[in-house]
Amino acid sequence: MADESPNRAMTTPDDDRHDVVIAGAGPAGGQCARDIAARGYDVVVLEAEQEDGFPGPSNKSTAGTFHSMMSAFQVPDTVVQNYTDNVVLESPNSFYNRDHAGAVLDFAAFKRWLVDAAREEGAEVRFGARVSKPILENGEIVGVRYNGDEEIYGDIVVDATGPSAPLAKELDVSNLHRETQAIGIDYEVEGIDLDHRGYADLTDSMMLRLDHDIAPGGYSWIFHTGGDTAKVGVCYIQNDRHREQAVDGMRIDDYMDRWLDDDPRFEDAYRPDDGNVLRGSAHIQMPGELHTDNFMAIGDTVPSIDPLWGEGIHKGMKSGRVAAVAADYCLAGSTPDTSAENIGVYDQLWHNEVAPNMHSRLMLTELLYLARNERYDTLMNDLRRADGDVLAGANKGGKLDMAKLLHLSDVPLVAKWLKGRLKDPSGRWNPMAGLR
């Protein structure tokens, strides 16, 4: 199939050519490879980590998900640490509890399973292969360089490397801005009092807390993993509220340690000597074009736009799946066509299937993490009074559901957000500009 592509330069070597080359073996890259290989195409995944001990430092997810993802991608029970029954939202002085079944995954086991599943479908996975830059011919990407000077070629190249995004950056696709970056840390903690007086019962629950005293400009979480153990984390976003309330000199680790010291639920808690410390980042911004000739950006390489239960794993998996559909669309038939116009079906599918209502969802995300602590207490009361579907609808970008959660007192915040839609002096679109 690869030899027939009209976009393939005649100088491309024959010894390492493939239909699709994917950089990154995370949820998006692994699922993309799995689906493309299942369609009979020749696909290679390049993963920077070594296979022995995979995944190591790249294990960057708290790995909370819901049954919709588990069933859609046939995820086995063997990678689940704990099935949960509820989701809980906390504010500094209140909380909201809703029945919603989910699962907290062993993310390392999940990633290993996904690689194995891709290999079973016929995908090749090369570990210890760090992608550095695209190979261009006539201005179009035709392959990638990895591990210094090694080269591999493909009719379609997919960047699934996460926020580092070396290929997407070089091609000016899905440009990520440091000003909207979210920084997070996650510990495995034992000895937690999950049903402490004055707090919600977090037994078999996934909890998200909105509290700038713990995570200025962001959020924190406790995901129950069984017994008296949980994944506990803090994330802040480099937004106006973080700049206003952050303490000089404090790093993300310091905010995490302060929460563990101050919250009575952690009075007898401890972090096991062999417990994982996960670190990660994302970008909260409007994505631009996600493709160009012979190329797609998927997974965390695409900016995050989701408000509360954004479920990054599910979004990454869906992103990989629609990229596989787009690749099949471009490569099928006797005359494959991987031009930007043809591969643009990926953008259409992404906006329709992965992140519909993109603008309203991003607006809710930005407003949510810029609100003040007292507004979070009001939000909990609003959610308790509202119909149970309002939270789910607002999280999906439903304007009517979002309107039910807004007050007249929110007008100044919304006005500042609208002002921030203006371009900053550099000319780059900056949704945070008016909030500085």
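Biologist: Strand S1, residues 17-23: how many of its residues are buried?
Modeller: Seven of its seven, so S1 is mostly covered; buried means under 20% relative accessible area with a 1.4 Å probe, protein chains only. Strands are DSSP E runs of at least two residues, helices H or I runs of at least four, numbered from the N terminus.

Biologist: What kind of model is this?
Modeller: It's a predicted model, where local features need pLDDT of at least 70, side-chain atom pairs count only at pLDDT 80 or more, and totals for chains, interfaces and linings use all residues. Residues are numbered from 1 along each chain as its sequence is written, and side-chain values use heavy atoms, leaving out hydrogens and water.

Biologist: Which strand do six bridges join to S1?
Modeller: That's S9, residues 150-159, and the two run parallel. Val 20 has Ile 156 in S9 as its bridge partner. Strands pair if DSSP finds at least two bridges between them.

Biologist: And how many bridges does S1 have with S2?
Modeller: Four, again parallel, with S2 covering residues 43-46. There, Val 21 is partnered with Val 44.

Biologist: Switching to helices, at what angle do H7 and H9 pack?
Modeller: About 145°, with their axes 9 Å apart; H7 is residues 312-331 and H9 is 345-354. Axes are lines fitted to C-alpha atoms over the stretch in contact, and angles run from 0 to 180 degrees between N-to-C directions.

Biologist: Which residues meet there?
Modeller: Among them are Val 322 and Tyr 329 in H7, and Leu 349 and Trp 350 in H9. Contact means heavy atoms within 4.5 Å.

Methods
Buried < 20%, exposed > 50% of the residue type's maximum accessible area, 1.4 Å probe, protein only.
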